[in-house]
Amino acid sequence: MAMVNKTRAMLEGLVKDGSFKWLIKQKSAYDEEIEEMGRSPSAGKNWLIELSPVANVVVRRCSKILDVSVCQLKENFDDEASEALKQSSQYPRNFLEYCCFRALALSIQVTGYLEDKKFRRLTFDMMVAWEFPAADIQPLLNMDDDISVSLEAFSRIASAVPIIANVIISHKLFEVLTSASGGRLHFSVYDKYLSGLERASKKLKTQSESSLLSALRSARGEKILEMDGTVTSQPVLEHVGISTWPGRLILTDHALYFEALRVVSFDKAKIYDLSDDLKQIVRPELTGPWGTRLFDKAVMYKSVSISEPVVMEFPELKGHARRDYWLAIIREVLYAHRFIHKFQMTGIRRDEALLKATFGILRVQALKEISSTTFCFEDLLMFNVCDQLPGGDLILETLANMSTVRGLDRTNSPRARGGMYSVSASAMASTMGSMFGTSSTSNIGGLFVGEIAVGEMTPLEKAVMESRSSYQNVVLAQASVDGVKVDGIDTNLAVMMELLSPAKEFGNTIQSLASWDDPVKSMLFCLVFTYIIWRGWLGYTFASLLILSAVFMIVTRCIGQGRKVDELKVLAPPPMNAMEQLLAVQNAISQAEEVIQDGNVVLLKLRALLLSMFPQATERFAGALLAMALVLAFLPGRYLILLGFLEVFTRNSPLRRASTEKWSRRFREWWFSIPAAPVLLERSKEDKKKR
C-alpha cells in the first residue's frame, strides 16, 4: 500500500511541479495519459517503477489494446520468459518488447489500421520507449513531432509489422527515411511514410479488383502490382526483333503482361510468366534507332518459352530511374518465385513468400512518392538484396526454415506454448482486403513475432548481420579495386609488368639454369631435383613451398600489423595522344592475329598428319605415338617425370648441346615439310544479301 501511495504521489508531483517541460505546451494524448494515470485509483498498479515514464505510457496503451491489466502483463511475462530475459539490466526493455509485440500482433488484425493516426503514433512512441525503457536512463523528453528515434529502435519495432519493414531491409529503409535528418527518424517523416504505404495499398487493391486482365488472372488470383504506359506521353516500347510497338506494361505477382496500343484501345495481352521455372533472364539493356545501342533505358526478358529475347524500353528525358524501378520490381517477383521453387513451398508458405515481395514493392512505391532524393530500388527489396549480398542464399535458407517452423506451430495451441502472439505476412494481409487471400492464425511458439524475438536475435537476424559484415568487407575491397584502376593500355601494361616482375625473375633464373650459363649451379640443381624425384619427394617439396608461403604471410602480418601497406611503385610510360593509342591498339590486334594464325597452322598440320596427306611424315608421327604409348603404359609415373626433367634441363649441357642442336634442326626441317590441310571459306546467305 505504501508503494502505491508513493507512486501516485510521484505521478501527481510530475504533473503539478512541471518536471516534464513538454507539459507546458498544449496538451497531447501523451500528456493526458500521464495526468489520467496520476488521478487513477489504480495508479500504483499501472505504473512500474522499473520503467521510464514514456515506457509506462506505452505499456498502458498496450494493456488497453490487449484488454489485460499491466500487472497481469507483468505476471505473464515473468511466467513465460526465460531467466536470461528477466535479468535486471535488460528487464525493462525485454518487458517493453513483450508488451509491444503482443499489442502490435493484435492491432494489425484490424482492417485499415494504417489509416489510424493512433496506430501510427503508437508504433512511433514504441520506438521512443525502446530507446529509453528504464527509469534511470531516460532524459527529459519532448513528446511532440520533433522527437526522433534511432536505427536500432526503428528496426526492432517496425520489423514487427511486415508491411512497414522487415529484418533484411530495415537498415536501408531507415537510411532513405533519414537521408535529410542526419540519421534520426522524426515522426513527421514516419507518418508520411505510413500514409504513402496506405495509398499504395489502396492503389494495389483498386487495380487488382478492376477488370484489367480479369480473364487471364482469375485462375491464379493474381494481384496487379504496377502498370506503366497508360499515359501517351510516357509509353512503354516493346522491341521484338526489328519490330517495335508502344503499349501498356502490367506487372502482377505471377507474370508480366504487355498490351500493344491500337487506335482507340489495347491489343490482347502478351504474357511473360515469372512463376514457372523457365530459366528466365531479366537484365538492363541498351536500345537505339536502327539497332544501335545508345540509350540505357530498357529491360531485356529472355526465357526458354520464347524464341527471341523481348526488350521493354522506358523512354525518359533524363537518366534511367524509370527503367531501374521496373527492373527491380520485375526481378523481385522473379526471385520470389525462384525462392518458392527452390524450397518447394506450397500453400500458406508460398503465399507468405509472395506477400513479402508484394510488401517490398509497396514500400518502394511509398518512398518514391514521399522522397525527394534518389535511392537504389534493389536495396529495399528483400529478394533483390539476398541475390546481391554475400551469404544471401543462407539468409533465404534461414527464412525458409523459419517459415516451416511457423507452419508447424500454427497447428499447436497458444496456451500450450505459453500464450505469446505473433503475426505472419498472410495473416496481416487478410486485414488489408480480400485481394490478399484468406487469413491464417498467427500464433507461434516462444516469445517470437514474425522474424524477431523478444530480447534476443533470431537465426534470421544473425544471418543478416553476418551477411552485412561480409558485404562491408566486399565494399571496402571493391573501393580499393576502383582506386587502383588506371587508364590507358600502356599504363595498365606497365602496372602488370611490375606486378609480374617476381615471376619474371624466377622464370629468368630457371631459364639460366636450363641454359647452363653457370655449369656448377645447373649441375647442382639437376642433381638435387633428380634425387627428389627419384625418392618420390616431389609432393613433399611442393607442400613445403606452400607451408613456407603461409609462414611468410603470417610473419608479415604479425610484423606489419597496423602499418600501412607499401604502395607499388610503377614507372609510368610517356603519355600517348589519341593517334598513338590507336596505333598501339592496332599493333596489339596485329600481334594477336599473328598468334591466332600460327595456332591455326599448327592445327591444320596436325589435321594433315591425321589424314595422311604426307605419308612419310605420317608414318614417323604414328611411330612416335606408338613409342610414347608403350612408355606411358609400362613405365611408372615417377620415372616419366624424371625423364622429362632430365630431358628439359640437360639438353643444353656441354655433353648434350651438339646432339640437341642437331635433333632440333632435324625436327624443324621435318615440321616445315608437312603441308597444311586446305581451308575453304563460305559466306552465309545473309552476308551475301548484305553485300
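Mentor: One term first: buried means under 20% relative accessible area, exposed means over 50%, and partly exposed is in between. Keep in mind that this is a predicted model.

Trainee: Okay. Is Leu568 buried, exposed or partly exposed?
Mentor: Leu568 has a relative accessible area of 47%, so it is partly exposed. It sits in the loop between helix H21 (538-559) and helix H22 (578-610).

Trainee: Switching to cysteines. How many disulfides turn up?
Mentor: Zero, over the whole structure.

Trainee: Aromatics next. How many pairs are there?
Mentor: The search of the whole structure gives 20 aromatic pairs. Take Tyr531 and Trp537: their ring centres are 5.5 Å apart and their planes lie at 85°, so that pair is edge-to-face. Both residues are partly exposed, Tyr531 at 43% relative accessibility and Trp537 at 34%.

Trainee: Which rings link into a cluster?
Mentor: Phe77, Tyr91, Phe95 and Tyr98 are linked into one by ring pairs.

Trainee: What about arginines over rings, where do those sit?
Mentor: Arg93 lies over the face of Trp130, 3.9 Å from the ring centre. Arg121 has its charged end over the ring of Phe187, at 4.4 Å from the centre.

Trainee: Last topic, backbone. What is phi for Gln344 and for Trp516?
Mentor: Gln344 has a phi near 50°, and Trp516 has one near 60°. Both values are positive, in residues other than glycine. Most residues other than glycine have a negative phi.

Trainee: Where are they in the chain?
Mentor: Gln344 is in the loop between helix H12 (321-342) and helix H13 (347-370). Trp516 is in the loop between helix H19 (501-515) and helix H20 (519-535).

Trainee: Buried or exposed?
Mentor: Gln344 is exposed, at 66% relative accessibility, whereas Trp516 is buried, with a relative accessible area of 8%.

Methods: Residues numbered from 1 in each chain as written. Predicted model: local features only at pLDDT ≥ 70, side-chain atom pairs only at ≥ 80, totals over all residues. Heavy atoms only, no water. Disulfide = S-S within 2.5 Å. Helix = DSSP H or I, 4+ residues; strand = E, 2+ residues; numbered from the N terminus. Buried < 20%, exposed > 50% of the residue type's maximum accessible area, 1.4 Å probe, protein only. Phe/Tyr/Trp six-rings, centres within 6.5 Å; stacked < 30°, edge-to-face > 60°. Lys NZ or Arg CZ within 6 Å of the ring centre and 35° of its normal.
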